[in-house]
Amino acid sequence: MNEPKKIVITGASGFVAKNIRKFLSLNHYKLISIARNNFKKYKNEEKIILEKYDDPSLLNKIKNVDVLIHLVGTGKQSVDSDFESINVGLTKHFVNLSKKTKIKKFIYFSGLGVSSTTPLGYFISKYKAEILIQNSGLNYTIFRPSYIIGKDDLFTKYLKKQIQNSSIEIPGSGKFLIQPIHINDVEQIVLESILEKKFDNQIFDLVGPEKISFKDYVRLFSKNSDVLVKKINLEDAFHRAIHTSSSEFGVDDLNLLLGGFTGNHEKLKEISGIKFQSILGLLKAC
Ligand SMILES: NC(=O)c1ccc[n+]([C@@H]2O[C@H](COP(=O)([O-])OP(=O)(O)OC[C@H]3O[C@@H](n4cnc5c(N)ncnc54)[C@H](OP(=O)(O)O)[C@@H]3O)[C@@H](O)[C@H]2O)c1
């Protein structure tokens, strides 16, 4: 695509959205950012604050836009906010709006491990969202991210919070793999996917260059602190996650972590041509 006129970003106050908005703003792109609550605005950015996304005024506000980056999503369920209504329902809503406004590119963040055979509710909702996008006739790029690491990401916050309590717990053996990617690399790839045709109508695993076991990652993370790293049995980990609804790391987070999902970095490396941050590099940065 030639330089896009305007880019819409949904879920604007989330971790990924905040970083992508800042990056695109610094690169002089015009943005329309949508969230439920007020947030700090960047240069070249219009804000839309909506309590409910079915507000009929929205269609008019996002006409004349070329790209929509859909970052609304939840990894946690409650009575008021479940996977089907948020991950599937709101994707359907923005796909429909994008069709009406004839958007030239729809970018979606799914999840690493999503497949047609997944038994996990979170992945099922992301899979259904992917199918809606693929069947929409819109030009799309779907990313399936691993843990995205940067300042204030959820995964790092979870580990830092434990450090404050002077120990990090490793559920089970800790041997399950993760393949984290740095937010700066994600920002760069999202921009490339807007500008370059070779990303059109494709799905990419959004994963870093290295796979590492959770226990080794935690050891590196806590290397310069005198924090205790201790294994806890899975029964205790799940019991706590199930019975503490306020827990930052819930049952679905544990399922994903223990699933040990890794992806195809080579495809991303080949198409993007960027030099990715190593695990040591991203740990330093966060
Ligand atoms: N970060 C990662 O490591 C990672 C990994 C895999 C997949 N992803 C996916 O990437 C996307 C962005 O992730 P993120 O880390 O930036 O997540 P995040 O910080 O939790 O942000 C997600 C945004 O979704 C919106 N949202 C959540 N629940 C909602 C509800 N009930 N109604 C309306 N909007 C709701 C919120 O938007 P507002 O509060 O701004 O309105 C929130 O800021 C998500 O779809 C996530 O599943 C992220």
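## The sheet

In this predicted model, 7 strands make up an open sheet with parallel pairing, in the order S3-S2-S1-S4-S5-S6-S11. Strands are DSSP runs of E with at least two residues, helices are runs of H or I with at least four, and both are numbered from the N terminus. Two strands count as paired if DSSP finds at least two bridges between them. Strand S3 (45–49) and strand S11 (202–206) are at the edges; each has a single partner strand, so one side of each lacks a neighbour in the sheet. Direction ignored, neighbouring strands are turned by 15° against each other on average; the axes are lines fitted to C-alpha atoms, and angles between N-to-C directions run from 0 to 180 degrees.

Within the sheet, strand S5 (residues 105–109) pairs with strand S6 (residues 140–145) in the parallel sense over 4 bridges. Phe109 is opposite Phe143 in S6.

## The ligand site

The ligand has 23 residues around it, and those that come nearest are Ser13, Val16, Arg36, Lys126 and Ile148. A residue is near if one of its heavy atoms lies within 4 Å. By class, this shell holds 14 nonpolar, 7 polar and 2 charged residues. Here Ala, Val, Leu, Ile, Met, Phe, Trp, Tyr, Cys and Pro are nonpolar, Asp, Glu, Lys and Arg are charged, and the others, Gly among them, are polar.

Ser13 places a polar side-chain atom 2.5 Å from an oxygen atom of the ligand. For Lys126, a polar side-chain atom lies 2.8 Å from a ligand oxygen, and for Phe15 a polar backbone atom is 2.9 Å from one. Helix H1 (15–26), helix H3 (83–100) and helix H4 (121–134) are the elements that give two or more residues to the shell.

## The whole chain

The chain has 11 helices and 13 strands. Its C-alpha atoms fill a box of roughly 55 × 40 × 40 Å along the principal axes.

## Basis of the values

Residues are numbered from 1 along each chain as its sequence is written. Local features need pLDDT of at least 70 and side-chain atom pairs pLDDT 80 or more, while totals for chains, interfaces and linings use all residues; side-chain values use heavy atoms, without hydrogens and water.

Note on methods: Polar contact = N/O pair within 3.5 Å; in protein donor to acceptor, adjacent residues only side chain to side chain.
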